[in-house]
Amino acid sequence: MPPLINYDAPASLKAFLDEHGLSMKKRFGQNFLINPTARRRLIDALSIEPEDEVWEIGPGLGAMTAELLERGASVKTFEIDAGFIRVLQDFFGGHPRFSLIPGDALKTWRTAGTGAYLLGNLPYTIAARLLGVLIEENRLFTRMVVTVQREVAQRMSALPGSKDYSSFSVLCASAYRVTPLMVLKGSSFYPVPHVDSQGVRLDLNKRSYPACFHKVVRRLFTSRRKTLKNNLRCFTDAPEDVLRQCSIASDRRAETLALEEFIALAEALDRRAFQ
Ligand code: SAM
């Protein structure tokens with residue numbers, strides 16, 4: 001059965017919510033994307049073929065779900081709101097390519113099984129945490145397209161030396177080619193949030209890293225004003241030797257290092273651990 005809501009009109013959404021005794025909850029970061037062009041462009045950016053398996057995080061009332069199903073995808077949705085879950089089951093429960101995993105996606109993803117693509121107008125409450133844990137725990141996707149707060153998008157795609165460059169930027173670049181998409185003003189959402197959002201596409205760029213890689217990146221950014229030589233002391237008693245091996249000047253700071261340099265450092269530390 002096709003959904004009986006006009007997803008583009010706040011008045012229609014509000015009437016539907018009222019009729020079903022539902023309300024929007026701030027604690028779940030609920031802001032519906034009411035801009036149909038933006039929804040279409042985000043799904044286009046996912047570049048899926050019929051039968052592809054897509055994880056949709058936070059489907060809400062199913063505005064993107066309906067379009068994904070229409071394009072032939074198998075859609076695994078992750079939703080926490082009990083009222084929205086009832087509506088989603090009602091709208092899509094009989095569809096053979098639809099499934100729903102109720103609960104907190106930060107926990108439920110672990111047992112969710114297969115899926116090569118991820119789409120989500122992500123709740124701001126979990127966006128960076130969810131992306132971070134999926135990458136760190138090596139649950140990678142061929143492609144992800146997400147909408148996040150603009151500041152988060154800027155951190156995801158920041159380059160070495162810029163003010164937004166952080167361990168999260170290195171984490172994203174370690175697994176994906178990160179492409180910022182359109183900026184979405186508050187008026188694209190209902191209710192209108194106080195901040196701008198931005199779409200981001202992440203294309204898998206898989207390579208292998210020593211086990212200590214994520215720990216090294218996090219540690220080096222924890223005291224970001226300290227030089228590498230000082231920060232590396234918690235891993236080795238010969239930080240200057242390690243830096244020399246990697247041709248990295250010892251007075252540099254984490255915020256200036258490119259991904260390749262973080263990898264070289266982690267590999268050098270890993271080698272020393274087994275010498
Ligand atoms: N996809 C819809 C849209 O674009 O209009 C709704 C997006 S809204 C920003 C975020 C959605 O994520 C809401 O449906 C909210 O209930 C859900 N959500 C929030 N926290 C969640 C969590 N921890 N796990 C799963 N879903 C969550």
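The chain is divided into two parts, domain 1 (residues 10-204) and domain 2 (residues 213-273). The structure shown is a predicted model. The C-alpha centres of domain 1 and domain 2 are 34 Å apart.

**View 1. An open sheet of seven strands.** Seven strands make up an open sheet, and their order across it is β4-β3-β2-β5-β6-β9-β7. The pairing in this sheet is mixed. Strands β4 (residues 98-102) and β7 (residues 176-184) are the edge strands, each of them pairing on one side only. On average, neighbouring strands of the sheet are turned by 20° against each other, direction ignored.

**View 2. The pairing of β2 with β3.** Strand β2 spans residues 53-57, and strand β3 spans residues 74-79. The two strands pair in the parallel sense, over five bridges. Within this pairing, glutamate 53 has serine 74 of β3 as its bridge partner.

View 3. Serine 47 is located in the loop between helix α2 (residues 36-46) and strand β2. Although serine 47 is not a glycine, its phi is positive, at about 45°.

**View 4. Helix α8 against the sheet.** Helix α8, formed by residues 167-175, lies across strands β7 and β9. The helix runs at about 115° to β7. Strand β9 covers residues 197-204.

View 5. Tyrosine 190 and proline 191 are joined by a cis peptide bond, with omega about -10°. Proline 191 belongs to the loop that connects β8 (residues 189-190) with β9.

**View 6. The interface of domain 1 and domain 2.** At this interface, 12 residues of domain 1 are in contact with 13 residues of domain 2. The size of an interface is often expressed as the accessible area that is lost when the parts come together. Here, domain 1 and domain 2 bury about 910 Å² between them, and 63% of this area is on carbon and sulfur atoms.

View 7. How many salt bridges are found across the interface of domain 1 and domain 2? There is one salt bridge across this interface. In a salt bridge, the side chains of arginine 218 and glutamate 136 meet at 2.6 Å, N to O. Four residue pairs are in polar contact across the interface of domain 1 and domain 2. Helices α6 (residues 127-136) and α8 each supply at least two residues of the side of domain 1 that touches domain 2. The largest share of that side of domain 1 comes from α8, which contributes five residues.

How values were computed:
Residues are numbered from 1 along each chain as its sequence is written. This is a predicted model: local features need pLDDT of at least 70, side-chain atom pairs count only at pLDDT 80 or more; totals for chains, interfaces and linings use all residues. Side-chain values use heavy atoms; hydrogens and water are left out. Two strands pair if DSSP finds at least two bridges between them. Helices (H or I, at least four residues) and strands (E, at least two) are DSSP runs, numbered from the N terminus. Axes are lines fitted to C-alpha atoms, for helices over the stretch in contact, and angles run from 0 to 180 degrees between N-to-C directions. Contact means heavy atoms within 4.5 Å. Domain bounds come from an automatic or database domain assignment. Buried area is the accessible area (1.4 Å probe) that two parts lose on being put together, summed over both. A salt bridge is a side-chain nitrogen of Lys or Arg within 4 Å of a carboxyl oxygen of Asp or Glu. A polar contact is a pair of N or O atoms within 3.5 Å; within protein, one must be able to donate a hydrogen and the other to accept it, and residues adjacent in sequence count only if both atoms are side-chain atoms.
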